[in-house]
Amino acid sequence: MSKRIKGKGYDYIDEVTIKKACGGEEKALNAVISRYMNYGRKCFRTIATTKYNLDMRSVPMDDLMQLVWMRFVRVIVRKFKV
């Protein structure tokens, strides 16, 4: 499924993949994480600099994003039963 936003194509993740991700299927979780990685990084940088006044040059972004996604997976699999 695709939607036009500000002149750019935007592909949504299909319902089947979302259901599988909520069920804990690794391939589906990887698809969700890959799709939203850039958005997650943007949000993380914004929060780190505005709320916590961190210098992003000193933040180990890859390590922190891995922790964020691991927590995301735990919450999604535990909270959303499909």
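Analyst: The account below begins with the chain as a whole, then turns to the aromatic pair and ends with other local features.

This is a predicted model, in which local features need pLDDT of at least 70, side-chain atom pairs count only at pLDDT 80 or more, and totals for chains, interfaces and linings use all residues. Residues are numbered from 1 along each chain as its sequence is written, and side-chain values use heavy atoms, with hydrogens and water left out.

The protein chain holds three helices and two strands, where helices (H or I, at least four residues) and strands (E, at least two) are DSSP runs numbered from the N terminus. Their order from the N terminus is β-β-α-α-α. Of the 82 residues, 20% count as buried; buried means under 20% relative accessible area, exposed over 50%, and partly exposed in between (1.4 Å probe, protein chains only).

The structure holds one aromatic pair. Its rings are those of Trp69 and Phe72, with centres 5.1 Å apart and planes at 90°, so the pair is edge-to-face. For this assignment, rings of Phe, Tyr and Trp (its six-membered ring) pair if their centres lie within 6.5 Å; planes under 30 degrees apart count as stacked, over 60 as edge-to-face and the rest as tilted. Trp69 and Phe72 are three residues apart in helix α3, and therefore separated by about one helical turn. Trp69 counts as buried, at 11% relative accessibility, whereas Phe72 is partly exposed, with a relative accessible area of 26%.

Another aromatic residue, Tyr36, has Arg35 over its face, at 5.3 Å from the ring centre. A charge sits over a ring if NZ of Lys or CZ of Arg is within 6 Å of the ring centre and within 35 degrees of the ring normal.

Tyr52 is placed in the loop between α2 (26–50) and α3 (61–79). Tyr52 is exposed, with a relative accessible area of 52%.

Ala48 lies in helix α2 and is buried, with a relative accessible area of 4%. Neighbours within four places in sequence aside, Ala48 is in contact (heavy atoms within 4.5 Å) with Asn53, Leu54 and Met56. Ala48 and Val59 are eleven residues apart in sequence, and their C-alpha atoms are 9.0 Å apart in space.
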